[in-house]
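Try each task before reading the solution below it.

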Amino acid sequence: DSSEKKHPPRDFHGLFWMISHASEAVVGDIHIVAHAGEEGPARYITEALNILHAERIDHGVRCADDKKLVQRLRDERIPLTVCPLSNIRLKVFAHMKDHNL
């Protein structure tokens, strides 16, 4: 199951920790990217930042539900890679005109 709904970022902490620490020994710094805040709530984005130490968020459209989070993303210059077609396909937004881009 690849749905984000029942799989919050905190469930992946061990894996992200292992990858980030193993990569330091093998290839140097690795940039951490997490899929969060598409089907899941804004708090999943916060978890990805705080627990997984994500430097970029894939999707993240639910950040608009949390003004403090939006400000944090701005302040820390954390980019979102947004895929509107995925958001429509997963029914995050009913129509493209409803999208929060």
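Two residues are in contact when heavy atoms of theirs lie within 4.5 Å. The model is predicted, so local features need pLDDT of at least 70 and side-chain atom pairs count only at pLDDT 80 or more, while totals for chains, interfaces and linings use all residues. Residues are numbered from 1 along each chain as its sequence is written, and side-chain values use heavy atoms, with hydrogens and water left out.

**Exercise 1. Describe the surroundings of His 99.**

Step two is to list the contacts. Leaving aside neighbours within four places in sequence, His 99 touches Val 61, Val 82, Pro 84, Asn 87 and Phe 93.

Step three is to decide on burial, for which buried means under 20% relative accessible area, exposed over 50%, and partly exposed in between (1.4 Å probe, protein chains only). His 99 has 10% relative accessibility and therefore counts as buried.

Step four is to look for polar contacts, which are pairs of N or O atoms within 3.5 Å; within protein, one must be able to donate a hydrogen and the other to accept it, and residues adjacent in sequence count only if both atoms are side-chain atoms. The side chains of His 99 and Asn 87 are joined by such a contact of 2.6 Å, and a polar atom of the His 99 side chain lies 3.2 Å from the backbone nitrogen of Leu 101.

**Exercise 2. Work out the order of the strands in the sheet and find which of them stand at the edges.**

Begin with the pairing rule, by which two strands pair if DSSP finds at least two bridges between them. The 3 strands form an open sheet in the order β1-β2-β3, with parallel pairing. β1 (33–36) and β3 (80–81) each have a single partner strand, so they stand at the edges and one side of each is left without a neighbour in the sheet.

**Exercise 3. Find the salt bridges and state how exposed the residues of each one are.**

The rule asks for a side-chain nitrogen of Lys or Arg within 4 Å of a carboxyl oxygen of Asp or Glu, and by this rule the count comes to 3 salt bridges.

- Arg 10 pairs with Glu 47, their closest N and O atoms being 2.2 Å apart. This pair links distant parts of the chain, with Arg 10 in the segment before α1 and Glu 47 in helix α2 (residues 42–50), 37 residues apart. Arg 10 is partly exposed at 42% relative accessibility, whereas Glu 47 is buried at 11%.
- Asp 58 pairs with Arg 56, with the closest N and O atoms 3.2 Å apart. Asp 58 is partly exposed at 21%, and Arg 56 is partly exposed at 30%.
- Arg 72 pairs with Glu 76, with the closest N and O atoms 3.0 Å apart. Arg 72 is partly exposed at 23%, and Glu 76 is partly exposed at 43%.

Conventions:
Helix = DSSP H or I, 4+ residues; strand = E, 2+ residues; numbered from the N terminus.
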